[in-house]
Amino acid sequence: MIYDNARDLVLDRLFLRFDGLVPDIRLLLKIEGFNPAGSIKLKTAIGLVEDAERWNLLKPGGRVIESSSGNLGVALSSVCAAKGYPFICVTDPNTSPQNAALIRAFGGEVVVVDTKDANGGYLQSRIDYIGDRLQEDPSLFWPNQYANEANSRIHYDRTAAAILGEVPEVDFLFVGAGTTGTLMGCADFFREHSPRTRVVAVDTAGSVTFGFPPGKRHLPGLGTSRRPELCDPQLVDEVVIVPEAEAVRMCRSVARSQGIAMGASTGSVLAAVARKRGELPAGSTVVAIAPDNGDRYLNTVYDDAWVVERFGLSAVAPHGTDDRPDTDGSLLLKG
């Protein structure tokens, strides 16, 4: 198959049967990492940039600035390179060296903000930096992935539609929550087209997105230190909170048992499915979105020394050896 540009290389109907994690259910993993940007964020970047062009907010000669923990930065740098827009990615110390290197490879500029915000993260500090840059240079365009409805709309139109197009009967849908663009787009779509599907949001321990206490986080992707404006908790049925150590164990276990290296966000989503193992009825069809692959986590999630330093020896153990969920690991938002 011949494509005209890299932006078209999004394989939206790629699913992997994932039997064995939870007995007696049909688990399908929606693989999102096989595109030039390496993650689901390529669709987000396309949606943000093309929406801005449609409204004449971004024109030839324009420049783009955005806050990202890594994957959207890579995706925006890829899309901006192809369209001829200089790009500035405002990131933080948790961003992987591989992501920063890819952004630079696509011609983007990487700015690292290392001042923590009031909740101990970097998100508000990154956004404050962008605010300062916009005041200095009004010609910069900020897509604002945290509040821009184009973020959720692209996942309503593409990600969710692709799931239901390929799997007409979905009992449970597990979606990771970062900016919540993917989550909100999918939740909106399924509320309209498959209201029987229970939408489960997956967040990381230490994230404040769904009202849980802030805490230290080491991995980019899921979680925020400030609730994104896009987030509407009432659209989801349930939130599962996954500690980072558990996500790391899941990634490493899947790599060694299945021969697939998954990113940290995917590890969290699969760990959430495992946490709900006693509540998923036999015969259920469960779809879990895998946002990215593991090649950009080789120096973190898949590095023994890095993992032990941050999470202890138990985090390098195979998933299932010490991963019994706490009773408060899941918060029911509505029935």
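Arg54 and Asp51 both belong to helix 1 and stand three residues apart, about one turn of the helix. Helices here are DSSP runs of H or I with at least four residues, strands are runs of E with at least two, and both are numbered from the N terminus. The structure is a predicted model, in which local features need pLDDT of at least 70 and side-chain atom pairs count only at pLDDT 80 or more, whereas totals for chains, interfaces and linings use all residues. Residues are numbered from 1 along each chain as its sequence is written, and side-chain values use heavy atoms, with hydrogens and water left out.

Arg54 forms a salt bridge with Asp51, with 3.5 Å between the closest N and O atoms. The term denotes a side-chain nitrogen of Lys or Arg within 4 Å of a carboxyl oxygen of Asp or Glu. Arg54 is exposed at a relative accessible area of 57%, while Asp51 is buried at 11%. Buried means under 20% relative accessible area, exposed over 50%, and partly exposed in between, with a 1.4 Å probe and protein chains only.

## Salt bridges across the structure

Side chains of opposite charge can pair when their charged atoms come close. A search of the whole structure finds 21 salt bridges. One of them joins the side chains of Glu32 and Lys43, with an N to O distance of 3.0 Å. Glu32 is in the loop between strand 2 (26–31) and helix 1 (41–54), and Lys43 is in helix 1, so the pair ties together parts 11 residues apart in sequence. Glu32 is buried, at 3% relative accessible area, and Lys43 is likewise buried, at 1%.

Glu32 and Lys43 also belong to a network of salt bridges that links them with Asp12, Lys30 and Arg158.

## Packing of helices 7 and 8

Two packed helices are described by the angle between their axes and the distance between the axes. For helix 7 (residues 244–258) and helix 8 (residues 264–275), the angle is about 100° and the axes lie 8 Å apart. Axes are lines fitted to C-alpha atoms, for helices over the stretch in contact, and angles run from 0 to 180 degrees between N-to-C directions. The two helices are therefore roughly perpendicular; this class covers 65 to 115 degrees, with under 35 roughly parallel, over 145 roughly antiparallel and the rest oblique.

From helix 7, Glu246, Ala247, Met250, Cys251 and Val254 meet Ala264, Gly267, Ser268, Leu270, Ala271, Ala274 and Arg275 of helix 8. By class, this contact has eight nonpolar, two polar and two charged residues. Ala, Val, Leu, Ile, Met, Phe, Trp, Tyr, Cys and Pro count as nonpolar, Asp, Glu, Lys and Arg as charged, and the others, Gly among them, as polar. A salt bridge joins Arg275 to Glu246, the closest N and O atoms being 2.9 Å apart. That pair links distant parts of the chain, Arg275 in helix 8 and Glu246 in helix 7, 29 residues apart. Both Arg275 and Glu246 are buried.

## Surroundings of helix 3

In helix 3 (residues 97–105), the buried residues are Gln98, Asn99, Ala100 and Ile103. These buried residues pack against helix 2 (71–83), strand 4 (87–91) and strand 5 (109–112), contact meaning heavy atoms within 4.5 Å.

Most residues other than glycine have a negative phi, and most peptide bonds are trans. Thr180, although not a glycine, has a positive phi of about 75°. Thr180 sits in the loop between strand 7 (172–176) and helix 6 (181–193) and is buried, at 1% relative accessibility. Neighbours within four places in sequence aside, Thr180 contacts Thr209, Pro228, Leu230 and Cys231. Asp24 also has a positive phi, near 70°. Asp24 lies in the loop between strand 1 (15–17) and strand 2 and is exposed, at 61% relative accessibility.

## Annotated domain

An unreviewed UniProt entry annotates residues 25–292 as "domain: Tryptophan synthase beta chain-like PALP". UniProt positions are given in the numbering used here, feature names are shortened, and annotations may be inferred rather than shown by experiment. Over residues 25–292, the chain is 40% helix and 17% strand, with the end C-alpha atoms 23 Å apart.
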